[in-house]
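Morning, everyone. Let me put it up.

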Amino acid sequence: MKDNTIFLYLIATVSLLFALYNAFVFWAKRNTTAKTIGTISSITSPNPETAKARNSKWAKVTYCVNGKNYVSKNRIQVPMTSQIGDFVTVRFDLKQPEKIYSYSLTRVLVSLLIAVICIVVAVFHLA
């Protein structure tokens, strides 16, 4: 088996495990969380903002639950194009509304799609 094929299977395995973990968390927390729209209140990046490659943005979000405003305790990853004041959908804990989660069904589906693509490419790469 070629190194490229092994690498593709490795990516597929990691993507599949990531998807399964996120699907499990999504299912386990389905009755203890809710969604709302929040506003990005602060953004931080691990690297300087001028570094576009291998960088990410992490935001604290302000949102309203039952008439009370909350600022998230933890940060969630947001797109690199996000700015302070942008709106994002967040999933929060019903018992601790200031705690937000970053899992989503979209993340599960994209991870599964990556796994399937890598497996298909690896199989045809062998032929």
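Is Leu 105 buried, partly exposed or exposed? Leu 105 is partly exposed, because its relative accessible area is 47% and the class runs between buried, under 20%, and exposed, over 50% (1.4 Å probe, protein chains only).

Some ground rules. This is a predicted model, where local features need pLDDT of at least 70, side-chain atom pairs count only at pLDDT 80 or more, and totals for chains, interfaces and linings use all residues. Residues are numbered from 1 along each chain as its sequence is written, and side-chain values use heavy atoms, with hydrogens and water left out.

Back to the leucine. Leu 105 sits in helix 2. Leu 17 is in helix 1. Leu 17 counts as exposed, because its relative accessibility is 55%.

Helices are DSSP runs (H or I) of at least four residues, strands (E) of at least two.

Now the pockets. A pocket is an open set of points on a 1 Å grid where a 1.4 Å probe fits, with protein on both sides within 12 Å along at least five of seven lines; lining residues have an atom within 4 Å of a point.

The largest pocket has a volume of about 430 Å³. Its lining has 18 residues, and closest to the centre are Thr 89, Tyr 101, Ser 102, Tyr 103 and Ser 104. Strand 4 (76-78), strand 5 (87-93) and helix 2 each supply at least two lining residues. By class, the lining is ten nonpolar, five polar and three charged.

The second largest pocket has about 150 Å³. Of its 13 lining residues, Tyr 21, Tyr 101, Ser 102, Tyr 103 and Arg 107 are closest to the centre. Helix 1 and strand 6 (100-101) give two or more residues each. Helix 1 gives the most, with four. The lining of this second largest pocket has eight nonpolar, three polar and two charged residues.

Notes:
Points joined across faces, edges and corners; volume = space filled by probe spheres on them. Nonpolar A, V, L, I, M, F, W, Y, C, P; charged D, E, K, R; others polar.
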